[in-house]
Amino acid sequence: MSAIPAATDGAPPRAGGSGAVPRHVAIIMDGNGRWAAKRGLPRVAGHRAGAEAVRRTLRSAVEMGVEVLTLYAFSSENWRRSEEEVSDLKGLLGFYLERELAELEREGVQLRLIGDHSAFGSDLAQRLEKAVKRTAHNRRLTLVIALNYGSRLEIAAAAKRLAAKATSGEIDVGAIDEQMFGAELMTSEWPDLDLLIRTSGEKRLSNFLLWQVAYSELVFVDTLWPDFDERAFKAALEEFSARQRRFGGR
């Protein structure tokens, strides 16, 4: 068995070192609420400022040559927040979707979704789906937004699908391996995750891409998400490029 897992599209993950740029970067965008609280502002102000950080980061990712940028926008656990905050988040998502769609097209960015976005209601879900279709032809960078996403649910659903295929005789149980399991995940068509960034100083994964992160480089920064800018993103990529990734080998 090879010590280096193959990327989903057949190409190996980026090894890092010598100025390598990660193909697939994911970010846990944390700290909007604390950013607002430090300024005596309502939490929604932090989310608005966080949306501007998304714009900066997306622009930087395009310029740096990243192929896939996955953002943790709303977890399956975020429904535990107050009804007012959830409503604000949904409203902001709709607003920025309309505002940024033309920019995504100009920059050649393809929008994709993981998670169950239907939970946000038919109107917003339809607008999201239209944006996905409208940008489907873009190839410069893929922006993946995780909405109502939870990695444990994703993994359990993949296991259920494989179990159903085995029960029906479509596949042999003995043939199930990492590649077959990975093909059932929502991220199966994109390169393996090279770099995971989390802002705000927290050092946990929060049920995000638990399978995909197995061989990723992890970078935790103290910066609150609304303050995350081009310089911070570039610094994270430089840290990635300085690391030597061995994937279990020597």
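Trainee: Where is Asn207 placed?
Mentor: This is a predicted model: local features need pLDDT of at least 70, side-chain atom pairs count only at pLDDT 80 or more, and totals for chains, interfaces and linings use all residues. Numbering starts from 1 along each chain as its sequence is written, and side-chain values use heavy atoms, with hydrogens and water left out. Strands are DSSP E runs of at least two residues, helices are H or I runs of at least four, and both are numbered from the N terminus. Asn207 sits in the loop between strand 5 and strand 6.

Trainee: What is the phi of Asn207?
Mentor: Asn207 is a residue other than glycine.

Trainee: Is Asn207 buried or exposed?
Mentor: Take the cut-offs: buried is under 20% relative accessible area, exposed is over 50%, and partly exposed is in between (1.4 Å probe, protein chains only). The relative accessible area of Asn207 is 14%. Asn207 is therefore buried.

Trainee: And Ser206, what is its relative accessible area?
Mentor: Ser206 is also in the loop between strand 5 and strand 6 (217–220). Its phi is positive, about 50°, although Ser206 is not a glycine. Ser206 is partly exposed, because its relative accessible area is 30%.

Trainee: Which backbone oxygen does the side chain of Arg198 reach?
Mentor: Arg198 is in strand 5 (residues 195–198). It is buried, with a relative accessible area of 4%. Its contacts (heavy atoms within 4.5 Å) include Asp30, Ser206 and Phe220, not counting residues up to four places away in sequence. At 2.7 Å, the side chain reaches the backbone oxygen of Arg204.

Trainee: How many residues of strand 1 are buried?
Mentor: His24, Ala26 and Ile28 point one way, Val25 and Ile27 the other, and all are buried. In a regular strand, side chains alternate between the two faces of the sheet. Strand 1 (residues 24–28) is largely enclosed by the rest of the structure, because the buried count is 5 of the 5.

Trainee: Which residue stands opposite Ile27 in strand 5?
Mentor: Two strands pair if DSSP finds at least two bridges between them. Strand 1 and strand 2 pair in the parallel sense over 5 bridges, with Tyr72 as the partner of Ile28. Strand 1 and strand 5 also run parallel, joined by 4 bridges. Opposite Ile27 stands Ile197.

Trainee: How many residues has the largest nonpolar core?
Mentor: A nonpolar core is a set of buried Ala, Val, Leu, Ile, Met, Phe, Trp, Tyr and Cys residues joined through side-chain atoms within 4.5 Å. In soluble globular proteins, nonpolar side chains tend to be buried together. Here Ile27, Leu69, Leu141, Leu143, Ile197 and Phe233 have the most contacts inside the largest core. That core has 39 residues.

Trainee: How many residues are in the second core?
Mentor: The second core is separate. It includes Val144, Ala146, Tyr149 and Leu193. Its count is 14 residues.

Trainee: How far apart in space are Leu69 and Leu111?
Mentor: Leu69 is in strand 2 and is buried, with a relative accessible area of 0%. Leaving aside neighbours within four places in sequence, Leu69 touches, among others, Ile27, Leu141 and Leu143. Leu69 and Leu111 are 42 residues apart in sequence. Their C-alpha to C-alpha distance is 9.9 Å.

Trainee: Which residue in strand 4 stands opposite Leu111?
Mentor: Strand 3 is mostly covered, with 5 of its 6 residues buried. It runs parallel to strand 4, joined by 6 bridges. The residue opposite Leu111 is Leu143.

Trainee: On which residue is the kink in helix 3 centred?
Mentor: Helix 3 (residues 83–106) has 24 residues and reaches 35 Å from first C-alpha to last, close to the 34 Å expected. The expected span is 1.5 Å times one less than the number of residues. A bend is the angle between axes fitted to the seven residues ending at a residue and the seven starting there. The kink is about 45°, centred on Glu100.

Trainee: Which residue follows helix 3 with a positive phi?
Mentor: The buried residues of helix 3 include Leu89, Tyr96 and Glu100. Helix 2 (43–64) and strand 2 (68–75) are among the elements covering the buried residues of helix 3. With a phi near 70°, the residue that follows is Gly108.

Methods. Polar contact = N/O pair within 3.5 Å; in protein donor to acceptor, adjacent residues only side chain to side chain.
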